[in-house]
Amino acid sequence: MKQQICILGATGSIGTQALEVIEQHPDRYEVYALTANNRWEMLAEQARKYRPAAVIIANEEHYEALSKTLEDVPEVKVYAGKKALNEIVASSEIHMVLTAMVGYSGLEPTIHAIKARKKICLANKETLVVAGELIVKLAQEYHVPILPVDSEHSAIFQSLVGEGDNEIEKILLTCSGGPFRLFSYEQLKAVTAADALKHPTWDMGAKITIDSASLMNKGFEVIEAKWLFGVPAEKIQVLVHPQSIVHSAVQFADGGIKAQLGVPDMRLPIQYAFSFPERLYLNGDRLDPFAKPLEFFEPDVEKFKCLAMAYEAISKGGNMPCIVNAANEIVNEGFRKGNCSFLGMGEIIEKTMQRVAFDAYPDYDVYVQTDAEARKVARELMLR
């Protein structure tokens with residue numbers, strides 16, 4: 001029987017590459033539902049090509065246009081809004097949900113998917129950044145597997161396969177360093193969003209590309225790794241690896257290190273999450289081990305303070321990572337629109353951490369309140 005897949009965030013980088021993976025294995029996988037936030041034209045094109053049972057546009061303003069465009073494809077049902085997102089992931093026909101929405105918006109539908117006992121292929125790191133403790137508890141309660149799709153976390157997961165209960169001494173989380181790796185502090189004062197969007201090795205969406213440039217993305221990945229693999233943050237070391245060939249590694253108690261290497265191609269971790277424990281054929285480039293030397297450097301947390309703040313947030317725990325994530329979403333957008341400088345992003349996030357009420361034992365309602373308060377504070381700080 002074909003596995004029915006729901007893709008949350010089908011029009012983004014991860015979503016479109018996931019559809020390529022599904023196309024390669026039509027005997028195994030089928031699209032059941034596709035969702036998008038604003039790109040209704042692209043969602044309509046995908047609906048025509050893949051003929052899912054349903055498409056959902058989160059922004060209800062686009063419902064009429066999408067619905068009218070798909071009038072001649074009556075087998076595809078069209079829905080809109082957050083409620084529809086939460087309902088579609090619980091559909092009895094769905095076997096797995098790929099959560100590839102951007103930012104905080106992925107949290108609520110992921111919770112609904114877990115409660116519906118769907119296999120989670122997690123590409124929305126903010127879900128674990130904001131509410132890692134809650135998500136892990138729910139996954140255990142409902143006996144739901146969470147398979148990482150981020151290339152780094154997939155690499156760690158692949159390195160742990162077959163290791164059973166062997167002790168993890170250290171997780172080595174690699175990082176390209178982004179486009180500003182060699183910039184001085186003075187140079188960073190003048191960089192623009194256009195500069196930041198020129199990632200040296202990966203082709204990603206705008207939000208995550210900016211996060212990669214500031215190293216906030218890597219900070220979020222440290223938090224994500226803590227929850228996925230049950231390892232404290234002090235045992236997670238970030239390595240700047242400009243070649244993006246070693247996607248991450250695990251060091252064990254005997255000093256041995258296992259790593260996963262490959263060309264930068266997100267289809268591999270997507271497909272591995274779909275097919276685990278099997279490895280299926282994937283067309284594409286293969287790694288040439290003679291092509292370039294592999295280099296590793298320590299990150300500069302003085303220049304890239306977002307990484308240091310992420311470690312601070314997970315050390316404090318509670319709702320602090322939620323505060324950092326909310327503030328980061330505001331300043332990230334502000335930087336892209338020219339309302340905030342590159343270095344100003346970190347300064348505003350730090351001040352937001354100091355001003356928003358801390359709660360050491362948050363529940364879901366506290367996360368919602370914290371997210372709203374942190375966004376408000378960050379916006380006010382950005383306007384000053």
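**Figure 1. Exposed His 143 in the loop between α6 and β7.** With a relative accessible area of 69%, His 143 is exposed in this predicted model, as the cut-off for that class is over 50%. The loop that holds His 143 runs between α6 (126-141) and β7 (146-148). Although His 143 is not a glycine, its phi is positive, at about 55°.

**Figure 2. Arg 117 in the loop between α5 and β6.** The loop shown lies between α5 (107-115) and β6 (119-122), and Arg 117 is found in it. Arg 117 has a phi near 60°, a positive value in a residue other than glycine. The relative accessible area of Arg 117 is 52%, so this residue counts as exposed.

**Figure 3. The cis peptide bond from Phe 276 to Pro 277.** Omega is near 10° for the bond that joins Phe 276 to Pro 277, and the bond is cis. Pro 277 belongs to the loop between α12 and α13.

Figure 4. Lys 303 is placed in the loop between α12 (267-275) and α13. Its relative accessibility is 16%, and Lys 303 therefore counts as buried, the limit being under 20%. When neighbours within four places in sequence are left aside, the residues in contact with Lys 303 are Arg 181, Leu 182, Phe 183, Ser 184, Tyr 185, Leu 188 and Leu 343. Leu 215 stands 88 residues from Lys 303 along the chain, and the C-alpha atoms of these two residues are separated by 9.9 Å.

**Figure 5. Packing of helix α13 against helix α15.** Two packed helices are described by the angle between their axes and by the distance between those axes. For α13 (residues 305-316) and α15 (residues 342-355), the angle is about 20° and the axes are 9 Å apart. Helix α13 is therefore roughly parallel to α15, since angles under 35 degrees fall in that class. The crossing of this pair is left-handed. On the α13 side the contact is made by Lys 305, Cys 306, Met 309, Glu 312 and Ala 313, and on the α15 side by Gly 346, Ile 349, Glu 350 and Met 353. Of the residues in this contact, five are nonpolar, one is polar and three are charged.

Figure 6. Helix α14 (residues 320-336) consists of 17 residues. From its first C-alpha to its last, α14 reaches 24 Å, close to the 24 Å expected at 1.5 Å a residue. Because 15 of the 17 residues of α14 are buried, this helix is largely enclosed by the rest of the structure. Just after α14, Gly 338 adopts a positive phi of about 85°.

**Figure 7. Packing of helix α14 against helix α15.** The two axes cross at roughly 150° and come within 9 Å. Helix α14 is thus roughly antiparallel to α15, because angles over 145 degrees are classed in this way. The crossing of α14 with α15 is right-handed. Helix α14 contributes Met 320, Ile 323, Val 324, Ala 327, Asn 328, Val 331, Asn 332 and Phe 335 to the contact, while α15 contributes Phe 342, Met 345, Ile 348, Ile 349, Thr 352 and Met 353. The residues of this contact comprise 11 nonpolar, three polar and no charged.

Definitions and conventions. Residues are numbered from 1 along each chain as its sequence is written. This is a predicted model: local features need pLDDT of at least 70, side-chain atom pairs count only at pLDDT 80 or more; totals for chains, interfaces and linings use all residues. Side-chain values use heavy atoms; hydrogens and water are left out. Axes are lines fitted to C-alpha atoms, for helices over the stretch in contact, and angles run from 0 to 180 degrees between N-to-C directions. Helices (H or I, at least four residues) and strands (E, at least two) are DSSP runs, numbered from the N terminus. Angles under 35 degrees count as roughly parallel, over 145 as roughly antiparallel, 65 to 115 as roughly perpendicular and the rest as oblique. A crossing is left-handed if the near helix is turned anticlockwise from the far one by less than a right angle, and right-handed if clockwise. Contact means heavy atoms within 4.5 Å. Ala, Val, Leu, Ile, Met, Phe, Trp, Tyr, Cys and Pro count as nonpolar, Asp, Glu, Lys and Arg as charged, and the others, Gly among them, as polar. The expected span of a helix is 1.5 Å times one less than its number of residues. Buried means under 20% relative accessible area, exposed over 50%, partly exposed in between (1.4 Å probe, protein chains only).
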